[in-house]
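This briefing covers helix packing and domain contacts in the structure shown below. Please keep the model in view while reading.

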Amino acid sequence: MPNLNFTAPTTVDEAVRALASASGLAKPLSGGTDLLVQMRSGRIRPELIVDLKRIPELIGIREESDHFVVGAATPGVMIYENEALSRAWPGIVEGLDLIGSEQIQGRASLAGNLCNASPAADSVPALITARAVAVVAGPNGRREAPVEAIVTGPGQTSLGKGEFIVEFRIPKPRPHQSDAYLRFIPRTEMDIAVVGCAVNVTLDNSGVCTDARVSLGAVAPTQLVVDEAAQALIGHRLDDDTLAKLDTAAGRACKPINDKRGTIEYRIKVAGVLARRAAAIAFERAGAR
Amino acid sequence: MAKHHVSTIINGEPVEFLCEPQQTLLDVLRDELNLTGSKEGCSSGDCGACTVIVDGKIVCSCLMLGAEAEGHNVQTVEGIAQGDKLHPVQQKFLEHAALQCGFCTPGFIVAAKALLDENLNPTEEETRYWLAGNLCRCTGYDKIIRAVLDAAAVMRGENPPSPAAYAQGGGVGAMRT
């Protein structure tokens, strides 16, 4: 990595200027658990690394009236130790907690997991189903984008030159609303999702679903928002017929690849199974509120 | 490509060093500061041999740039023992022979010490999950888990049975039933 430069600005504006004015590849650094691996392997050769962790608003979790604000570079360990967020959105926290080891959790962040743009990123589906919004800073000021609008393909994002995510705004759950995230891996820990599925539901007082979001990971070039699966839940209790429709809708949305982790047929099958199981957990959690 | 001047606390002592932007914290520890206890296994965050504690949390020092350490508190395996007195985790690794080639051992010691700093009474399952980011290709992990659970017992003020008792059916195996 010859001619690499490193800077650690303390304000968003300085970071934007540094990233925007670089002549070659400039990469924002949060936890570095993907970035340093890619630099080491030679897959990317940045000219400039801009460490964002010295910018106070990028680290930490705070509550505003109707939403949580999570700093983009907040490490996983700080997020799952936050009781209010863990209680509000267990699915988001369990998705993040599945990433890597305790050592990785000490560094890895939501923005890094999202912007690394792996189809299998475990923290992304539940952020999508919670309707989380990414606040993006760039040379033209700040803009907001739904999380599902950030990743455009494997390793590709919609962020322009000089842009990076400052924070995520995650709406607080309504009464009887909750979520769940499940992933399938062939071992118990330290692996990449064969399929991941987040389900987020809102129930009425009688247990009928009034709103739902379903997102699948690792079955397409980006995380999928599966409207047909959400429609299968809305207006229903979690009976056998509803679960069967959810299963079918989830499988139908998949556009997976064959690879060493699973075949196309297997991933489609597992997507339906995970959707059923995640829905059952989300319904139970929502009903208990 | 100027070198970065970095001020840190390492094993309780103020340490300043110069590093290239691409040097990892592991590179700095081993090549600049002669703290060669932290090992380079995979260089990709999978094996945990380079585990260090930064501000109380374990990280892979191969996945952190030296420049990122500015102002932070780093603890390496060299800082685990108190002078000549081994940490209970180190003592129990010896007693249980929880190592063979020893390459993974510093990472396990540091990770286990951090676990016991947070939780003096971990279950076997919690211990196995906590150490999932540390790979050992020799021991099959069982002796490592026994050593960590025994160290926890010592730190709670208990007097766990000697490792020989495990060979007669005590210890972790018995706890599984």
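The crossing of α2(B) and α3(B) is right-handed, a term for a near helix turned clockwise from the far one by less than a right angle, anticlockwise being left-handed. The model is predicted: local features need pLDDT of at least 70, side-chain atom pairs count only at pLDDT 80 or more, and totals for chains, interfaces and linings use all residues. Residues are numbered from 1 along each chain as its sequence is written, with chains lettered from A and ligands numbered from 1 in the order in which they are written.

**Helix pair in chain B**

- Helix α2 (residues 88-96) of chain B packs against helix α3 (residues 105-118) of chain B at an angle of about 130 degrees, and their axes are 9 Å apart.
- Axes are lines fitted to C-alpha atoms, for helices over the stretch in contact, and angles run from 0 to 180 degrees between N-to-C directions.
- Helices are DSSP runs (H or I, at least four residues), numbered from the N terminus.
- α2(B) and α3(B) are therefore oblique to each other, since angles under 35 degrees count as roughly parallel, over 145 as roughly antiparallel, 65 to 115 as roughly perpendicular and the rest as oblique.
- Val89(B), Gln90(B) and Phe93(B) of α2(B) meet Thr105(B), Ile109(B), Ala112(B), Lys113(B) and Leu116(B) of α3(B), contact requiring C-beta atoms, placed from the backbone, within 7 Å.

**Domains of chain A**

- The domain assignment, automatic or from a database, gives domain 1 (5-51), domain 2 (56-171) and domain 3 (177-287) in chain A.
- The C-alpha centres of domain 1 of chain A and domain 2 of chain A are 18 Å apart.
- Their contact takes eleven residues from domain 1 of chain A and 18 residues from domain 2 of chain A.

Technical notes: Two residues are in contact if their C-beta atoms, placed from the backbone, lie within 7 Å. Helices (H or I, at least four residues) and strands (E, at least two) are DSSP runs, numbered from the N terminus.
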